[in-house]
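You asked for a careful reading of this model before the discussion goes further. My remarks are set out as numbered points, to be read beside the structure.

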Amino acid sequence: FPVTIRLSDSGLVDKMRDFLTGVPYQTINVPHDARSFQNALEEAGFNCTMINPNVKDGIKNIQDLFAKDQLYIHSGCKELIKCINSYVWDPKALKRGVEKPLKKNDHPADALRIGIGVENNFQPMVSSVGYW
């Protein structure tokens, strides 16, 4: 099994600093439920934007980018590919007429959705540290 390492906000800030060294960026998109992480990033001098929590809009944007051949997933992103292939709608919510993804093993897909944002103004980047 892969080992999951949980980092504190300051540990995540250190990882972000390493990742972004020498990489131009304008802002870091932060999930709406990660206020303490956003505060830690801003205290460290990073410019942050709280992202729209509307998951459905984010999923539609990803679908649109795939359909327009504007989004590709590197073959080395095995967990993301596995997650996308197993992404399903919550059957209980569907019975109520609500499209809502099943919140199970969805962190890689959430990271992609958050990274792109709902405005589709993302800039692809590669760091010398690697993909994050």
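1. Overall layout. The model is a predicted one, and everything that follows should be read with that in mind. The protein contains six helices and two strands, and these follow one another along the sequence in the pattern α-β-α-β-α-α-α-α. Of the 132 residues in the protein, 28% are buried. Among contacts with a separation of 6 or more, 54% are between residues 24 or more positions apart.

2. The largest nonpolar core. This core has 13 residues, and those with the most contacts inside it are M16, L20, I28, V30, F37, L41 and F46. At least two residues of the core are supplied by each of α1 (9-20), β1 (28-30) and α2 (35-43), and the largest share, four residues, comes from α1. As general background, nonpolar side chains in soluble globular proteins tend to be buried together.

3. The aromatic pair. How many aromatic pairs does a search of the whole structure find? The search finds one, formed by Y25 and F46, whose rings are tilted, with 6.1 Å centre to centre and 40° between the planes. Y25 lies in the loop between α1 and β1, whereas F46 lies in the loop between α2 and β2 (48-50), so the pair ties together parts that are 21 residues apart in sequence. The two partners can also be described by their accessibility: Y25 is partly exposed, with a relative accessible area of 31%, while F46 counts as buried at 10% relative accessibility. F46 is also listed among the residues with the most contacts inside the largest nonpolar core.

4. The crossing of α3 and α6. The axes of helix α3 (residues 55-67) and helix α6 (residues 107-116) come within 9 Å and cross at roughly 85°; because angles of 65 to 115 degrees count as roughly perpendicular, α3 and α6 are described as roughly perpendicular to each other. On the α3 side the contact is made by V55, G58, I59, I62 and L65, and on the α6 side by L112, R113 and I116. These residues divide into six nonpolar, one polar and one charged.

5. C83. This residue lies in helix α4 (residues 78-85) and counts as buried at 1% relative accessibility. Once its neighbours within four places in sequence are left aside, C83 is in contact with N105, D106, P108 and A109. C83 and K104 are 21 residues apart in sequence, and their C-alpha atoms are 9.2 Å apart in space.

6. D106. Is this residue buried or exposed? D106 is buried, with a relative accessible area of 5%, and its place in the chain is the loop between α5 (91-95) and α6. Apart from neighbours within four places in sequence, D106 is in contact with C83 and Y87.

Methods:
Residues are numbered from 1 along each chain as its sequence is written. This is a predicted model: local features need pLDDT of at least 70, side-chain atom pairs count only at pLDDT 80 or more; totals for chains, interfaces and linings use all residues. Side-chain values use heavy atoms; hydrogens and water are left out. Axes are lines fitted to C-alpha atoms, for helices over the stretch in contact, and angles run from 0 to 180 degrees between N-to-C directions. Angles under 35 degrees count as roughly parallel, over 145 as roughly antiparallel, 65 to 115 as roughly perpendicular and the rest as oblique. Contact means heavy atoms within 4.5 Å. Ala, Val, Leu, Ile, Met, Phe, Trp, Tyr, Cys and Pro count as nonpolar, Asp, Glu, Lys and Arg as charged, and the others, Gly among them, as polar. A nonpolar core is a set of buried Ala, Val, Leu, Ile, Met, Phe, Trp, Tyr and Cys residues joined through side-chain atoms within 4.5 Å. Buried means under 20% relative accessible area, exposed over 50%, partly exposed in between (1.4 Å probe, protein chains only). Rings of Phe, Tyr and Trp (its six-membered ring) pair if their centres lie within 6.5 Å; planes under 30 degrees apart count as stacked, over 60 as edge-to-face and the rest as tilted.
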